Amino acid sequence: AVDGQTLEVLCENGLRFAVLAPSQARRVRAIGSGKWEPVNETTLDTTVPYRWFSKEQPGRYIDLFFYSRSLETAANAKTLFESEQVFFSGIESCFKRDYAGNQLAHLASDGEVYGHHHKEAGFQLERVLRRIQKEGLAKATNYGEFLEICPPQLEAEIAESSSWSCPHGVGRWSEDCGCRIDENTAQN
């Protein structure tokens with residue numbers, strides 16, 4: 001979950017970046033320009049980082065990555081792991097065609113997806129990453145390195161009190177939105 005206050009605390013403590021769901025972006029613009037453009041899960045470019053500027057701490061900011069919803073959905077539904085080719089095509093589909101700049105294809109998923117929920121997923125990930133590098137389609141990286149190569153050119157405003165795990169925002173933690181586990185029926 002995220003809100004402005006949380007990002008302020010992250011800035012205050014020197015965190016460099018955070019990863020959010022594409023639904024958590026509200027609008028974007030070129031850094032320093034005046035015209036904001038509204039975005040949603042389908043219009044947000046998830047291949048580039050964004051900068052969020054502190055409202056309370058002049059000069060401070062945190063960079064934001066919004067993961068690919070299509071990759072995340074396919075990983076959690078396990079369809080991404082149907083075959084090495086499906087996995088490869090899923091990653092390849094994240095990149096903009098006929099674009100010469102740096103782009104990032106990334107997803108957020110539980111580590112237990114790779115081995116626990118899908119026995120072959122970790123092996124497929126390794127094979128797909130090797131194939132992508134061998135064919136020169138992309139380079140494996142991490143968020144810190146990508147920021148060094150491709151600093152944000154856009155800034156983002158977030159959807160306040162939003163969460164990537166609940167479509168009801170932070171309702172999962174503050175009210176019974178239907179996504180929360182009922183403590184009375186939970187089993188150990």
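Entry 1: I began with Asp-98, which is exposed at a relative accessible area of 86%; here buried means under 20% relative accessible area, exposed over 50% and partly exposed in between, with a 1.4 Å probe and protein chains only. Asp-98 lies in the loop between α3 (84-92) and α4 (121-134), and its phi is near 55°, a positive value in a residue other than glycine. I then turned to Ser-161, in the loop between β6 and α6 (171-174), where phi is near 50°, again positive in a residue other than glycine. Ser-161 counts as partly exposed, at 36% relative accessibility.

I note for the record that this is a predicted model, in which local features need pLDDT of at least 70 and side-chain atom pairs count only at pLDDT 80 or more, while totals for chains, interfaces and linings use all residues. Residues are numbered from 1 along each chain as its sequence is written, and side-chain values use heavy atoms, with hydrogens and water left out.

**Entry 2: overall content.** I looked up the secondary structure and found 6 helices and 6 strands, taken as DSSP runs numbered from the N terminus (helices H or I, at least four residues; strands E, at least two). Along the sequence the pattern reads α-β-β-β-β-β-α-α-α-α-β-α. Of the 188 residues in the protein, 37% are buried. I also looked up the contacts (heavy atoms within 4.5 Å): among those between residues at least 6 apart in sequence, 68% join residues at least 24 apart. The protein exposes about 11200 Å², of which carbon and sulfur atoms supply 49%, the areas coming from the Shrake-Rupley method with a 1.4 Å probe.

**Entry 3: the sheet.** In what order do the strands of the open sheet lie? I read the order of the 6 strands as β1-β5-β4-β6-β2-β3, with mixed pairing, where two strands pair if DSSP finds at least two bridges between them. β1 and β3 (37-38) stand at the edges with a single partner strand each, so one side of each is left without a neighbour in the sheet. Helix α1 (residues 4-12) packs on the sheet, touching β4 (50-53), β5 (61-66) and β6 (154-158), and its direction makes about 120° with that of β5; such axes are lines fitted to C-alpha atoms, for helices over the stretch in contact, and angles run from 0 to 180 degrees between N-to-C directions.

Going through the pairings, I found β4 joined to β5 by 4 bridges in the antiparallel sense, whereas β4 and β6 pair in the parallel sense over 2 bridges. Arg-51 has a bridge partner on either strand: Asp-63 in β5 and Glu-155 in β6. Strand β2 (residues 25-30) and β3 run antiparallel and are joined by 2 bridges, and Arg-27 stands opposite Pro-38 in β3.

**Entry 4: aromatic rings.** I counted 6 aromatic pairs in the structure, on the rule that rings of Phe, Tyr and Trp (its six-membered ring) pair if their centres lie within 6.5 Å, with planes under 30 degrees apart counted as stacked, over 60 as edge-to-face and the rest as tilted. One of the pairs is Phe-17 with Tyr-143, which is tilted, at 5.5 Å centre to centre and 55° between the planes. This pair links distant parts of the chain, since Phe-17 is in strand β1 (residues 17-20) and Tyr-143 in helix α5 (residues 143-149), 126 residues apart. Phe-17 is partly exposed at 28% relative accessibility, while Tyr-143 is buried at 19%. Another pair, Phe-53 with Tyr-61, is edge-to-face, at 6.0 Å centre to centre and 65° between the planes; Phe-53 is partly exposed at 28%, and Tyr-61 is partly exposed at 35%. I also noted one aromatic cluster, formed by Phe-17, Phe-65, Tyr-143 and Phe-146.

**Entry 5: charges over rings.** Which ring does the charged end of Arg-51 sit over? I found that of Tyr-61, at 3.7 Å from the ring centre; the rule asks for NZ of Lys or CZ of Arg within 6 Å of the ring centre and within 35 degrees of the ring normal. Arg-131 lies over the face of Phe-88, at 3.6 Å from the ring centre.
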